[in-house]
Amino acid sequence: SIFSQPNINLINKGNDFFSKGNYKRAIIEYSAAISLDTTVGEAYFNRGQSYFFIENDSLALKDYNKAIKLDSKNAKIYYMKGQVEKFLLDTGAALSDYNKAIRLDSNFIEAYIGRAYEFLDLGRTNAAWIYFTIAITKDSNQTSEVYFARGYCNQMENHDNQALKDYGKAIEINPHYSNPY
């Protein structure tokens with residue numbers, strides 16, 4: 001949609017504060033943009049991001065829900081909503097939102113990883129392994145933590161040789177990461 005110049009300016013100012021880590025000031029700018037036009041999903045999403053980083057999960061969730069109503073085809077909104085729900089310990093909602101993000105963008109690696117960690121938290125190591133593997137298959141340049149987590153899943157499923165390979169890859173990526181040792 002076409003935004004007014006003052007609205008664009010406020011969103012850009014908010015983005016500038018956000019990029020500098022000044023999330024509270026970013027919230028002020030995004031809120032001003034929203035007061036000019038309540039139909040701009042980007043302003044709600046960005047303000048939700050700011051709330052997320054200052055750990056105000058309830059307001060972040062509220063803004064993500066509003067952003068989804070305005071832009072239901074944006075995978076990133078569902079992913080971030082899933083992240084908040086993970087912190088709120090709402091596993092079912094987090095898994096649902098990660099699924100929606102994946103359905104909208106089958107190459108959204110972070111959504112596969114988020115889903116994998118949810119399954120890992122549930123003790124469903126085989127399901128977690130599947131999603132870690134999809135993420136690694138789609139992009140082999142994963143972090144040592146992802147390879148370690150998949151190694152852990154392999155170990156729990158008694159696939160020790162595969163676990164050792166994943167732990168070795170995690171160490172190769174980051175020799176200072178102590179968990180795989």
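**View 1. N46 is buried, with a relative accessible area of 12%.** Buried means under 20% relative accessible area, exposed over 50%, and partly exposed in between, with a 1.4 Å probe and protein chains only. The model is predicted: local features need pLDDT of at least 70, side-chain atom pairs count only at pLDDT 80 or more, and totals for chains, interfaces and linings use all residues. Residues are numbered from 1 along each chain as its sequence is written, and side-chain values use heavy atoms, with hydrogens and water left out. N46 sits in helix 3, which covers residues 41–53. Helices (H or I, at least four residues) and strands (E, at least two) are DSSP runs, numbered from the N terminus. Setting aside residues up to four places away in sequence, N46 touches I11, N15 and Y30; contact means heavy atoms within 4.5 Å.

**View 2. Helix 3 packs against helix 5 at an angle of about 25°.** The two axes are 11 Å apart. Axes are lines fitted to C-alpha atoms, for helices over the stretch in contact, and angles run from 0 to 180 degrees between N-to-C directions. The angle makes helix 3 roughly parallel to helix 5. Angles under 35 degrees count as roughly parallel, over 145 as roughly antiparallel, 65 to 115 as roughly perpendicular, and the rest as oblique. The crossing of these helices is left-handed, a term used if the near helix is turned anticlockwise from the far one by less than a right angle, with right-handed used if clockwise. From helix 3, F45, Q49 and F52 meet K76, I77, M80, Q83, V84 and F87 of helix 5. The residues of this contact comprise six nonpolar, two polar and one charged. Ala, Val, Leu, Ile, Met, Phe, Trp, Tyr, Cys and Pro count as nonpolar, Asp, Glu, Lys and Arg as charged, and the others, Gly among them, as polar.

**View 3. I77 lies in helix 5, residues 75–87.** I77 counts as buried, at 1% relative accessibility. Not counting residues up to four places away in sequence, I77 touches F45, Y64, A67, I68 and D71. K62 is 15 residues from I77 along the chain, and their C-alpha atoms are separated by 12 Å.

**View 4. Helix 7 and helix 9 cross at roughly 40°.** Helix 7 passes helix 9 in a left-handed crossing. On the helix 7 side, I113, Y117 and L120 meet E145, V146, A149, Y152 and C153 in helix 9. Seven nonpolar residues, no polar and one charged make up this contact.

**View 5. A116 is found in helix 7.** The residue is buried, with a relative accessible area of 0%. A128 is twelve residues from A116 in sequence, and their C-alpha atoms are 4.1 Å apart in space. Leaving aside neighbours within four places in sequence, A116 is in contact with A128, Y131 and F132.

**View 6. The protein chain has ten helices and zero strands.** Of its 181 residues, 45% count as buried. The C-alpha trace spans about 60 × 30 × 25 Å along its principal axes. Among contacts with a separation of 6 or more, 43% are between residues 24 or more positions apart.
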